Amino acid sequence: MKTLVVEDDFTSRLLIQEILKSYGTVHAAANGKEALRAVRLSLEGQEPYDLICMDIMMPEMDGQEALRLIRELEESMGIVSSSGSKIIMITALGDLRSVGDAYGNLCDAYLLKPIKRALLLEELRKLGLIA
């Protein structure tokens with residue numbers, strides 16, 4: 001499984017990377033702009049990410065905007081969201097608007113921080129990414 005972790009907080013980014021590294025390659029981005037660039041390069045190289053774990057509150061470009069632009073990029077390349085990268089929003093924002101906006105922008109799952117290993121792995125199972 002090829003994964004992109006998009007998180008501006010170093011400790012959170014490291015924790016998610018540590019949880020996921022035994023399942024395959026894990027790349028990291030510190031904000032939405034870096035994430036969009038990484039996704040574009042992976043699609044152009046025909047090696048898309050299987051999973052993107054993304055925070056919402058980040059500098060330069062937040063996770064909601066990055067999510068929307070990633071789905072637009074996939075669509076422009078003929079990839080429908082159900083066939084694109086699985087995107088899990090991992091954030092401290094649990095309000096209905098944030099959750100609704102994320103699902104409106106076609107995220108696949110939404111987890112609240114602090115991240116729990118068991119919950120993340122359960123979501124990966126539900127998404128069919130791990131057994």
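User: Why is Asp-55 called buried?

Analyst: Its relative accessible area is 4%. Buried means under 20%, exposed over 50%, and partly exposed in between, with a 1.4 Å probe and protein chains only. So Asp-55 counts as buried, at 4%. This is a predicted model: local features need pLDDT of at least 70, side-chain atom pairs count only at pLDDT 80 or more, and totals for chains, interfaces and linings use all residues. Residues are numbered from 1 along each chain as its sequence is written, and side-chain values use heavy atoms, leaving out hydrogens and water.

User: Which residues touch Asp-55, not counting those up to four places away in sequence?

Analyst: Val-6, Glu-7, Asp-8, Gly-63, Met-89, Ile-90, Thr-91 and Lys-113. Contact means heavy atoms within 4.5 Å. Asp-55 itself sits in the loop between β3 (51-54) and α3 (63-76). Helices (H or I, at least four residues) and strands (E, at least two) are DSSP runs, numbered from the N terminus.

User: What does the UniProt annotation say about Asp-55?

Analyst: The unreviewed entry gives "modified residue: 4-aspartylphosphate" there. UniProt positions follow the numbering used here, feature names are shortened, and annotations may be inferred rather than shown by experiment.

User: What makes the buried residues of α1 line one face?

Analyst: In α1 (residues 10-20), Ser-12, Arg-13, Ile-16, Ile-19 and Leu-20 are buried. Down the helix axis they fall within an arc of 130 degrees, so they line one face. The arc is taken from the directions from the helix axis to the C-beta atoms. On the other side, Phe-10 and Thr-11 are exposed. The cover over the buried residues includes β1 (3-6), β2 (26-29), β3, β4 (86-91) and α5 (117-126).

User: Why do β2 and β5 stand at the edges of the sheet?

Analyst: The 5 strands form an open sheet, ordered β2-β1-β3-β4-β5, with parallel pairing. Two strands pair if DSSP finds at least two bridges between them. β2 and β5 (109-112) each have a single partner strand, so one side of each lacks a neighbour in the sheet.

User: How do you know that β4 and β5 are paired?

Analyst: There are 4 bridges joining them, and the strands run parallel. Met-89 stands opposite Tyr-110 in β5. Ile-88 has Ala-109 as its bridge partner.

User: What makes the unit of β4, α4 and β5 right-handed?

Analyst: A crossover is right-handed if, with the strands pointing away from the viewer, the path from the first strand over the helix to the second runs clockwise. β4, helix α4 (residues 96-104) and β5 make a right-handed β-α-β unit.
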